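User: Hi, I have a protein model open and want a quick tour. Can you walk me through it?

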Amino acid sequence: MEANFLSGTLGATGINVHRLGLSASYRPGERAVRRSLDEGVNYFFAYGFDTHMIRVLRELSGDAREKAVIATGAYNYILWQQDLRQTLEKRLRQLRTDYVDVFHFLGVMKPKQM
């Protein structure tokens, strides 16, 4: 069996993703996000403030949206926790989509924080 170094399965989800994903928290620009799509990257992580990423992803339609794996998340802060449902609903509105493929709950340091 020949190894595939360009793509793999995302954990136990069965979702096939490019081994290189893109987050736009560092604000690379819309051109960089579009270029990553053109080059075959299909895993995109976006926070609400990642406007470069959000603008490009919300333009995806049909087959292009089906090929993209869109991830977002909420962060567990030390003194307070984000409302996960509220954060997800806000991201859905920002991305103008009815679903995200992966939702990360970030910053969990102890089992009781789940």
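This is a predicted model: local features need pLDDT of at least 70, side-chain atom pairs count only at pLDDT 80 or more; totals for chains, interfaces and linings use all residues.

User: How many helices and strands does the protein chain have?

Analyst: The protein chain has 4 helices and 6 strands.

User: And what share of the residues is buried?

Analyst: Of the 114 residues in the protein chain, 34% are buried.

User: Let's pick a helix. Which residues of α2 are buried?

Analyst: Helix α2 covers residues 51-59. Its buried residues are H52, M53, I54, V56 and L57.

User: What covers the buried residues of α2?

Analyst: Several elements do. The cover includes two helices, α1 (30-38) and α4 (84-95). It also includes the strands β3 (22-23), β4 (43-45) and β5 (69-75).

User: Tell me about α1 and α2. At what angle do their axes cross?

Analyst: Roughly 45°, and the axes come within 8 Å. With that angle, α1 is oblique to α2. The crossing of α1 past α2 is right-handed.

User: Which residues make the contact?

Analyst: From α1, they are E30, V33, R34 and L37. From α2, they are H52, M53, R55, V56 and E59. By class, the contact of α1 with α2 has 4 nonpolar, 1 polar and 4 charged residues.

User: What do the charged ones do there?

Analyst: E30, R34, R55 and E59 are linked in a network of salt bridges. In general, side chains of opposite charge can pair when their charged atoms come close.

User: How far apart are N and O in the salt bridge of R55 and E30?

Analyst: The distance is 2.8 Å, N to O, between the side chains of R55 and E30. This pair links distant parts of the chain. R55 sits in helix α2 and E30 in helix α1, 25 residues apart.

User: Why does R55 count as partly exposed?

Analyst: Because its relative accessibility is 37%. Partly exposed falls between the cut-offs, under 20% for buried and over 50% for exposed. E30 is partly exposed too, with a relative accessible area of 25%.

User: How many salt bridges are there in the whole structure?

Analyst: A search of the whole structure gives 6.

User: Where are K67 and D63 in helix α3?

Analyst: Helix α3 spans residues 62-67. K67 and D63 are 4 residues apart in α3, so about one helical turn separates them.

User: Are those two buried or exposed?

Analyst: K67 is exposed, and D63 is exposed too.

User: New topic: backbone angles. Which residue has a positive phi near 60°?

Analyst: That is R27, a residue other than glycine. Look for R27 in the loop between β3 and α1. It counts as partly exposed, with 44% relative accessibility.

User: What is phi for R96?

Analyst: R96 has a positive phi of about 55°, although it is not a glycine. R96 is in the loop between α4 and β6 (102-106). R96 is exposed, with a relative accessible area of 60%.

User: Last stop. Where does L10 lie?

Analyst: L10 is in the loop between β1 (7-9) and β2 (16-18). At 24% relative accessibility, L10 counts as partly exposed.

User: What does L10 touch?

Analyst: Leaving out residues up to four places away in sequence, L10 touches I15, V17, Y43 and V102.

User: How far apart are the C-alpha atoms of L10 and V102?

Analyst: They are separated by 9.9 Å, while L10 and V102 are 92 residues apart along the chain.

User: Great, thanks!

Note on methods: Residues are numbered from 1 along each chain as its sequence is written. Side-chain values use heavy atoms; hydrogens and water are left out. Buried means under 20% relative accessible area, exposed over 50%, partly exposed in between (1.4 Å probe, protein chains only). Contact means heavy atoms within 4.5 Å. A salt bridge is a side-chain nitrogen of Lys or Arg within 4 Å of a carboxyl oxygen of Asp or Glu. Axes are lines fitted to C-alpha atoms, for helices over the stretch in contact, and angles run from 0 to 180 degrees between N-to-C directions. Angles under 35 degrees count as roughly parallel, over 145 as roughly antiparallel, 65 to 115 as roughly perpendicular and the rest as oblique. A crossing is left-handed if the near helix is turned anticlockwise from the far one by less than a right angle, and right-handed if clockwise. Ala, Val, Leu, Ile, Met, Phe, Trp, Tyr, Cys and Pro count as nonpolar, Asp, Glu, Lys and Arg as charged, and the others, Gly among them, as polar.
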